[in-house]
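This report covers a predicted model.

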Amino acid sequence: MDFDLSDDQRLLQDSVTRLMADRYTFDTRKEFLKHPSGWSPDIWDRYAELGLLGLPFAEQHGGFGGGPVEVMLVMQQLGRALALEPYLATIVLAGTAVRLAGSDAQQSAIFPKIAEGRMKLAFAHGERQARYDITDVLTTAKRNAGGWVLDGAKSVVLHGDSADELVISARTAGERDAAAGITLFLVDASAPGVARRGYALRDESRAAEVSLTGVHVPDADVLGEVGNGLPIIEQVIEAGIAAMGAEAVGAMEVLHEMTLDYSRTREQFGRPIGQNQVVQHRLADMLMSLEQGRSMTMLATMSVTEPDATQRARDMSMAKVGYGQAARFVSQQAIQLHGGIGMTEELAVGHYFRRCMVIEHTFGDTAFHLARLAEQVE
Amino acid sequence: MDLRFTPEEIAFRDEVRAFIRDHLPADIHERMRLGYSPRKEDTVRWQRILNRKGWAAHNWPKEWGGPGWNPVQRMIFLNENQQAQAPEVSSFAITMIGPVLIQFGTDAQKQRFLSRAANLDDWWCQGFSEPGAGSDLASLKTSAKRVNGHYVVNGQKIWTSTAHHADWCFVLVRTNPNAAKRQEGISFLLVDMKTPGITVRPIISIDGSHHLNEVFFDDVKVPVEMRVHEENRGWDVAKYLLGNERTGIARLGKSQERVAAAKEHARDVRFNGRPLIDDAAFRQRVAQLEVDMKALEITQYRVVSAYAKQRDGRPDPLSSVLKVKGTELLQASTELCMDVAGPQAMPLWAQELAELANEPDPEAEWAAQSTGSYLFLRAASIYGGTNEIQKNILTKAVLRL
């Protein structure tokens, strides 16, 4: 048992923290939102310069060989800044799919470009009817000469609008909900038959609806084994759950700090509201939730590399419930203690609140994961 | 960063687990399994077995008869002991007075008391709270006037757990009523419970048990050499005692044991025509508890490993999180057991009935004891500094409001 960071990890944490403090204030973020992509290509280049875009990839593919702890450190800072860039989509989600399922040729072709900031990916798996059921895939891939033809639709594809390539799941066999028969494909986002409708989520981050009509994918762009994509999809989602936990922790830290500051300066009845014990105890409750949420994020982070899939899934569900409930409590209380001003678009609090909400609804909400755990009670 | 136990820690855990399994007397284990609180003689018998192994004084240095464990090992030991349904070692002896004497005691006090405390040759109790000094401990009024090499103690203590079993009591008394700050007029005394002038009166708690007492001091003579640390510096000792390695207060192993017991019994009772364990709402309640216990477990690891690294021995304010969350879980898990017991949670006479039928009825006893611990552990969020006081501590120490 050891909670210390290595020197390299501390260095990484410091450099990301510095970058975000210098370049990513709430006001500059407003400017970034005005960019057509909805995020800052300039900051994306800074991430590349710091080595963040190649962080979890192998060194022979232009990466830095970082693990889940390194990703956690980065995501926590991105969470603190409410960063808008497609880091989760490209590096954590689609990046994990390519890293785990991609051939050496595929990894060599893709990772150096990602690491240099020249390519963005998105993970197009979820479908409208599926809600959180990961085997509910209706998109089909049918065999044709030298490849496959994809038809179907993918929903709420995180940063799907600015991706250059999409990692798409489709059924090559089996009925809806069957665990077997799902295959992953690497698809050029501008390929004929791919249509994307981009939009903002509630937290101002970007997503897209993707429709696929007779999209031809050559055999060379199959990612991993045909019909056996599910274990990869599970691990992609697990990496996402761990990374979003770190983001939620970053967001909760800021919400707690802002609320604490506000309680020191906001005066009512002739004294700061933080002098009231009812407010003090609420802040203490928020702190306890934040710390429990942090513990659960550590659990998810450590579990990403757990070899036993059943244990891993269980840890991930526990973590998602734990940090999801913490984030909901902390973010709701932050608004409550700010009072009317907390309800405004002008203040950052509401933006963090909405990021927490989006995180909770990505890859299974609290009810979904609690039900999954309840099934396993024995 | 690595949440897993090291191979050494796993080997240690297995050693502790095997020792407890092989040495815990069967009759004690059976009573604990049925949910009874350990009797004094159960605690003494088990603690002496542990002491022969050198493990009873789990947080003492080797020099004074402890095993010299690091905080991680201590946590593993406490957790294993709780999960194994063994009596917990006497906290008054081991986590309270022992470390206090090691830190502040005179050589004579150490020689006289430490090894006897480890072996429970002396049973200790804690004389802190008073009718007018609960959460506001520093307002205590029990007085001690110095007369010819003695203190003469007058006053009243309350909520004194196990005072009726005790040979000795460590008592906070006011030696200077005129001190500028009330914390500066307090001293810490060791009082022989056989001294004339001491009266112990039982307080029966809502579970029907006699655990708590009032203790009255009427011109009780305490030799000056029974004072720990300097006169009027007793508050330092009390603070050290209350802040000393509080990670044990979460009693996570106990909550884990209670939830495991609830699940086991939920297989045997029915709900809507099926075993209760198959009910979706029940399973979800268990799942939520398991999530909360996991979060507490990791937070406890964090506090313990931070504690293992810092050498100044200052309590981590995060241990207040452990106290609040740990006691909430202790209460929720005993509540779960009581709810599993269902209508059998109500009868007060389960044991009586078993005796009348002339054959043991373990299910009925378990059910009755589930209610008993549910009732008694309402105290968990009150003792050891109420959970509201813990939030005050967090407000001051972490939020700095």
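In this predicted model, the centres of domain 1 and domain 2 of chain B, taken over C-alpha atoms, are 30 Å apart. The domain assignment divides chain B into three parts, listed below with their residue ranges.

| Domain of chain B | Residues |
|---|---|
| domain 1 | 7-89 |
| domain 2 | 124-234 |
| domain 3 | 245-399 |

**Overall form of chain B**

Chain B contains 13 helices and ten strands. Its C-alpha trace spans about 75 × 55 × 45 Å along the principal axes. The radius of gyration of chain B is 22 Å, which agrees with a compact globule, because a globule of 401 residues would have a value near 21 Å. Of those 401 residues, 46% count as buried. When contacts in chain B between residues at least 6 apart in sequence are considered, 71% of them join residues at least 24 apart.

**Helix α12 of chain B**

Helix α12 of chain B runs over residues 362-376 and has 15 residues. From its first C-alpha to its last it reaches 20 Å, close to the 21 Å expected at 1.5 Å a residue. Buried residues in α12(B) include Ala364(B) and the run Trp366(B), Ala367(B), Ala368(B), Gln369(B), Ser370(B), Thr371(B), Gly372(B), Ser373(B) and Tyr374(B).

**Nonpolar core**

The largest nonpolar core has 221 residues. Helix α7 of chain A, residues 230-265, contributes the largest share of this core, with 18 residues. Val167(A) and Phe185(A) are the residues with the most contacts inside the core. Which residues are in contact with Val167(A), leaving aside its neighbours within four places in sequence? They are Ala94(A), Ala97(A), Leu121(A), Phe123(A), Ala124(A), Leu184(A), Leu186(A) and Leu223(A).

**Contact between chains A and B**

The contact takes 29 residues from chain A and 34 residues from chain B. On the chain B side, α9 (280-309), α10 (319-341) and α13 (387-399) each supply at least two residues. Among the elements on that side, α9(B) gives the most, with 15 residues. By residue class, the side of chain B that touches chain A divides into 18 nonpolar, ten charged and six polar residues.

Methods:
Residues numbered from 1 in each chain as written. Chains lettered and ligands numbered in written order. Predicted model: local features only at pLDDT ≥ 70, side-chain atom pairs only at ≥ 80, totals over all residues. Contact = placed C-beta atoms within 7 Å. Helix = DSSP H or I, 4+ residues; strand = E, 2+ residues; numbered from the N terminus. Nonpolar A, V, L, I, M, F, W, Y, C, P; charged D, E, K, R; others polar. Domains from an automatic or database assignment. Expected span 1.5 Å × (residues − 1). Buried ≥ 20, exposed ≤ 12 C-beta atoms within 10 Å, placed from the backbone. Core = buried A, V, L, I, M, F, W, Y, C linked by C-beta atoms within 7 Å. Rg over C-alpha atoms; globule rule 2.2 N^0.38 Å.
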